[in-house]
Amino acid sequence: MSNLAYETLNDDAGASQRDIAAMQSMRPIPRISIQAFCETEGVAGPLERAGEDRRMAKAHLKVHMGGIPTAIEFYHTAPTPNLIVLESRSEPKQLLEQLSQLAECCDPSSKVVVIGHYNDVGLYRELIRSGVSEYVIAPVSMADMVGVIASIFTDPEAEPIGRSIAFIGAKGGVGSSTMAHNAAWAMSSLFKSEVVVADLDLAFGTANINFDQDPAQGIAEAVFSPERIDEVYLDRLLAQCAEHLSLLAAPSTLERVYDFDPDAFSHIIETAQRTAPLLVLDVPHVWTGWTRGTLIRADEIVITATPELANLRNTKNLVDMLKRLRPNDVPPKLIINQAGMPKRPEIATADFAESLGITPMSVIPFDPLLFGNAANNGRMLGEMDAKSPIVGTINEIAHILTGRSEIKSRKKAGLGSIIGKLKLNKK
Ligand SMILES: Nc1ncnc2c1ncn2[C@@H]1O[C@H](COP(=O)(O)OP(=O)(O)OP(=O)(O)O)[C@@H](O)[C@H]1O
Ligand SMILES: [Mg+2]
């Protein structure tokens with residue numbers, strides 16, 4: 001066997017010694033979705049092998065052929081993933097033009113890595129300036145690919161990748177947990193984006209029932225042994241509920257009492273935010289140091305209320321308090337739930353909204369049959385009746401909470417160049 005043949009065989013069979021050494025210290029890649037559009041086997045091959053590496057076990061990688069034109073066609077109908085890897089043999093000017101077309105149908109939160117064939121500093125600077133996370137010059141090795149993905153998503157200095165969305169009810173039993181679970185499920189299934197649901201109602205949480213899960217371990221293990229929490233430990237506590245959805249379940253038992261320090265959940269939440277792009281926090285209807293702290297730190301807050309006076313009063317107090325505690329954040333989003341319950345006197349949605357100065361994100365009717373069947377069967381509403389208008393409303397909530405609704409309308413207006421859109425994307 002010639003040396004050349006041996007090297008080729010070695011390359012196909014696995015990583016070189018150099019690659020293995022380079023990858024030793026890399027941390028596992030979080031639960032992100034990655035789609036690659038390649039033009040040559042020389043790039044597709046190492047990427048495919050990167051997808052099989054243990055550090056990429058949690059990430060979902062799909063490699064397509066066809067380069068940027070195929071990506072543009074693809075994302076006209078499909079949601080964009082957390083990371084898009086694009087190989088292009090085009091010369092710099094054409095490459096920038098193609099990327100600008102792609103930006104038109106691309107979610108600004110998606111990161112982009114370009115693998116090019118031109119060693120051109122000007123092009124590199126232009127791409128980084130316009131929001132591309134990295135420009136790599138072919139040929140690339142498997143370790144290069146894992147390395148570049150790790151540099152974007154596992155950098156301990158970088159902001160956590162996950163956005164946290166905290167759901168809280170204006171009163172007990174208004175359906176806050178149901179909204180949290182269904183919105184989480186909708187986000188994971190519509191956008192194929194990994195979602196972690198954390199049930200913070202340790203005593204009475206219902207996420208385990210609603211997702212038909214009975215994990216032996218969950219959030220209690222993490223909160224009672226904070227010194228052990230890291231991504232690997234947290235991973236063992238997660239129960240897989242759907243293809244892109246996992247649950248940090250509450251024990252839902254009364255053996256212990258759950259009096260926590262104000263910061264008790266902050267480390268768990270931050271760690272979870274490093275492992276998945278979306279974290280849904282099901283916060284119980286109580287006002288303690290730790291619920292307040294959890295709400296203050298959340299990226300987004302959703303209040304669920306029913307159209308009654310006590311709910312209005314409590315929502316007003318919550319909105320006012322949160323405004324004081326988070327003066328530089330958007331106000332909480334509001335879901336009016338269980339509207340139109342027979343024989344119940346209700347406050348009209350318009351009056352409810354006016355008193356608060358907040359337009360509700362959605363109004364969900366009282367539908368005991370649909371909700372009751374879903375709850376009793378441990379199924380999500382979308383699994384029970386995908387065509388129900390309520391499921392349509394929950395899908396809309398998923399779009400709003402991930403910033404996609406606005407993007408849709410912007411797309412219609414035909415705005416945005418690569419520079420504008422990809423800028424948002426900058427690390
Ligand atoms: N729109 C609706 N129509 C009918 N029933 C509903 C609706 N929304 C929620 N429910 C039902 O209301 C009950 C309470 O819901 P859920 O447990 O989600 O409320 P919660 O606000 O989280 O309560 P808790 O204060 O106990 O945490 C559940 O049985 C749920 O199925
Ligand atoms: Mg609840």
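Helices and strands are DSSP runs, helices of at least four residues and strands of at least two, numbered from the N terminus. The views below show a predicted model.

View 1. The side chain of S90 forms a polar contact of 3.4 Å with the side chain of Q98. When neighbours within four places in sequence are set aside, the residues in contact with S90 are L95, Q98 and Y118.

**View 2. The largest cavity.** Two cavities of 30 Å³ or more are found in the structure. The largest cavity has a volume of about 50 Å³. Its lining consists of N182, W185, A186, M380, L381, G382, V391, I394 and N395. Two or more of the lining residues come from each of α8 (176-191), α17 (381-384) and α18 (389-401). Sorted by class, the lining of the largest cavity has six nonpolar residues and three polar ones, with no charged residues.

**View 3. The second largest cavity.** This cavity has a volume of about 30 Å³. The residues around the second largest cavity are D299, E300, I301, R326, V330, P331 and P332. By class, four residues of this lining are nonpolar and three are charged, while no polar residues are present.

Key: Residues numbered from 1 in each chain as written. Chains lettered and ligands numbered in written order. Predicted model: local features only at pLDDT ≥ 70, side-chain atom pairs only at ≥ 80, totals over all residues. Heavy atoms only, no water. Polar contact = N/O pair within 3.5 Å; in protein donor to acceptor, adjacent residues only side chain to side chain. Contact = heavy atoms within 4.5 Å. 1 Å grid on protein atoms, 1.4 Å probe; cavity = no way out; pocket = protein on both sides within 12 Å on 5 of 7 lines; lining within 4 Å. Points joined across faces, edges and corners; volume = space filled by probe spheres on them. Nonpolar A, V, L, I, M, F, W, Y, C, P; charged D, E, K, R; others polar.
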